[in-house]
Structure formats: structure tokens, C-alpha cells
Amino acid sequence: MNTLTIHTLTALPLHNLNRDESGAPKQIQEGGVTRARLSSQSIKRSARLEFERTLAERERSVRSKIQVADIVATAVQVANDKGIDVTPAKERALEKALRKIILKLTHGKDDAEKEADSDKKDTLVWLSAGERHLLAQNAVDQVLRAGTDDIDGDAVDQSTDSLAIAAFGRMFAAAPTLTMEAAVAVGNATTTHEASIELDYFTAVDDLRAAAGDAGAGQLGYQMYTSGVYYQAITIDRAQLLRNYTGNLDSADGRSQLGELVRQLVVALPQGKKSGTAPFAMPSIVLLEEQSYRTAYQFQTPVQPDEDGGYLTTSAQALGEKASKARAFDEEAFGASFVTGTDAELFGALDAQRGSLKDATEFAVEWILAGR
């Protein structure tokens, strides 16, 4: 089996971690009711950033439209290390060549020729530290030494030395043969039940006016929040991850990075209004399932509150029932399972291994490495 799906149930208190253009928590209509939603993009970004914060700065990937200047700076350093004096004219030539190769990836050859001297058509490009360094080396060798305006784009391929890029994939619209399919599919997190938007009226006191005896508010307005139990499914395609990633997973550092990536996929949450609500609850239920094809569970029928008024117990029971029914439908689609979470005792439906989050990440790491 080549797929591992991570299902989570997380009970979040008052929050607005992921808002829409009006400032309200994102929502979706499902099963005839309004659910609160956290977008997959916001969750992936949080997981990626938290994962890469555990790496040395020189090992982190960068997704930006302005990183050409950083690559030029690296190229200048590489040239200096090789005893090449970089004049201002040579530095401009390096920048033009590097801008052209990135524009070729993102906009195509014709636009690259037209816009190499301009930043008007810059777009986001995601490169690993190794790829940026190799582009810088190519620029030095081919622009400064060979005197050409073009540099090789062989630093960018359908594989990468960045585990984050290997996991989440990337697309070059003008170079489809270099597009890297994501190895990790991240679903939106949605509440298992109907959710409502609460308006919070606030006032802010002007300290100087208050000191002068003015009791009026310096500012007033309202913000929007929600709460609920969120279900999410994240699927790891083992074969795709191993194709995408060129790093050494057999090393202690490689295993550690892989474990940290899995851990962040389990616990990561978006960061909207985090300072005003601090809603970062740990997942209550985490179910890891070895699967022969990607399978998530649906909560089309909204979960009803239990006798104490909360949704967590009934959500855990519903998830267990759905997992059991899926096995009854296609038993051969499932392999080993692992259950963890702060309220793992609520999930008693399956005969699965159990333990801590550390045990769960080790379970996932061993499963991924077994595919080599």
C-alpha cells in the first residue's frame, strides 16, 4: 500500500484563524448547513513554515518573486571565492541572466527575452537552498567566465533537495515538464457540525485622552469569530515523495526532518488573529491509516451535540463508524492503523496501534522509509 492518510478531529475555541475578504471566518455550505472552514492553502503554509523553522536558515526553501537579488548576492560571493572580481557591470549581467532564467520558468522564453531588464513580470517561484546556490554557480561559470547571456536551468528539476517542496509540489506554468506533483494532499478542515459567526463589539481606549479625563473610546468596531470541531484529512503518497526528494532519508538528519514534517502536518493550524485569540488546541483524535488509495471520510450529515452539549464525543463516534463502514465496504483497501490524540480514548472503533504523537510520527516515518 502506497498511501497514508492522516485524519484529525480538532476542537478549536473562539477563533478567526482563516478569514475571507470581508474579515469573517471562512465558511462553506455542506449538508444543508453552514460549516466553518480552514483552507488547505492556509494549513499548508503554516505546516511548511513551522517545519522549515526547525532547519538551519541556509537549508530553507524560499517562495518569493524577489529572490533574484539574493541569488545574485550568492553568485557574487561564489565569484569572489573563485578569485573573480565582480564589477558593477558584471553584477548587472548576473542579475539579467538570472532574471531571464526564472522568467523562462514562469512566463516562457518570449517573455523572458522581453522582460529580462524589468521586474514587471516577476512572479512567485519556489526554490530550495541548493537550487538557488546551483543557479548562482551556473551564473558565475556561464556569464562571467563563458560570457553568455543565458544560463542553464538544470538547477531546477522534477526532484529537489527540499523536503517541503517535495511534499507540497510546485508548478512552472511555462515549463510543464519541470512541474513537480505534490506528494502530500491536504484537505480543507471543516466543522463536523453547523457553525455560527459571532460578532464581537470592541472599544479601544485612547490613553492620553483617558488621562485627561475623557472617558470616551478612541476607537470602536467589531470583529468576527467562530468555534467548533474540525475534521481534516491529509494524504501522503509515499512513492511520489520518494521520487520528488533527492535528500538522504537514511541519515539521522533525514529521518529527523521527515518526522518533523509529519508532526507539523498533524498539528499545524493557520495563524489569523492568533495574538487576540490564542486558540491553538492540540488535535483530539488523530487516526493514521495505511491505504491502497486515497480515502477521506465525509460528514455530509451534520453531527449533533452530545448530552453535555459538545460536539467532540459525537464527532469521534461518527468518525469511528465511518472508518468501520469503509473497511466493511473494501477491507483490502486498508492496512495498519495508528490512533493518538489528547482524547484518543473517545475513539474505540478500530483495532489499531496506539501511543503518543512521537509514536505516531515514528509509525509514519517507518512506513515512508519502507517504500524505498
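Let me begin with helix H12, whose buried residues are Ala 360, Thr 361, Phe 363, Ala 364, Val 365, Trp 367, Ile 368 and Leu 369. The model under discussion is a predicted one. In it, H12 covers residues 357-369, and its 13 residues reach 18 Å from the first C-alpha to the last, close to the 18 Å expected at 1.5 Å a residue.

I turn next to helix H2, residues 68-81. Buried in H2 are Val 68, Ile 71, Val 72, Ala 75, Val 76, Val 78 and Ala 79. How do these buried residues fall when H2 is seen down its axis? They lie within an arc of 160°, so they line one face of the helix. The buried residues of H2 pack against helix H3 (88-106), strand E5 (125-127) and helix H5 (129-145). On the face turned away from the buried side, H2 carries the exposed residues Ala 69 and Asp 81. After H2 comes Gly 83, with a positive phi near 80°.

The salt bridges form my next topic; the count comes to 11. One of them joins Asp 141 and Lys 82, with the closest N and O atoms 3.1 Å apart. Asp 141 belongs to helix H5 and Lys 82 to the loop between H2 and H3, so this pair ties together parts that are 59 residues apart in sequence. Both residues are partly exposed: Asp 141 has a relative accessible area of 30%, and Lys 82 has one of 35%. Lys 82, Asp 141 and Arg 145 are linked in a network of salt bridges.

Arg 99 is buried, at 10% relative accessible area, whereas Glu 95 is partly exposed, at 33%.

A further salt bridge links Arg 327 with Glu 289, at 2.6 Å between the closest N and O atoms. Since Arg 327 lies in helix H11 and Glu 289 in strand E10, the pair ties together parts 38 residues apart in sequence. Arg 327 is buried, at 17%, and Glu 289 is buried as well, at 0%.

Finally, the surface: Leu 199, Tyr 201, Leu 220 and Tyr 222 make a nonpolar patch of about 520 Å². Strands E8 and E9 each give two or more residues to the patch. Tyr 222, found in strand E9, counts as exposed at 54% relative accessibility.

Note on methods: Residues are numbered from 1 along each chain as its sequence is written. This is a predicted model: local features need pLDDT of at least 70, side-chain atom pairs count only at pLDDT 80 or more; totals for chains, interfaces and linings use all residues. Side-chain values use heavy atoms; hydrogens and water are left out. Patches are made of residues with over 30% relative accessible area and no salt bridge: like charges are joined within 9 Å, nonpolar side chains (Val, Leu, Ile, Met, Phe, Trp, Tyr) within 5 Å. Accessible areas come from the Shrake-Rupley method with a 1.4 Å probe; for residues, only the protein chains shown count as cover. A salt bridge is a side-chain nitrogen of Lys or Arg within 4 Å of a carboxyl oxygen of Asp or Glu. Helices (H or I, at least four residues) and strands (E, at least two) are DSSP runs, numbered from the N terminus. Buried means under 20% relative accessible area, exposed over 50%, partly exposed in between (1.4 Å probe, protein chains only). The arc is that of the directions from the helix axis to the C-beta atoms. Contact means heavy atoms within 4.5 Å. The expected span of a helix is 1.5 Å times one less than its number of residues.
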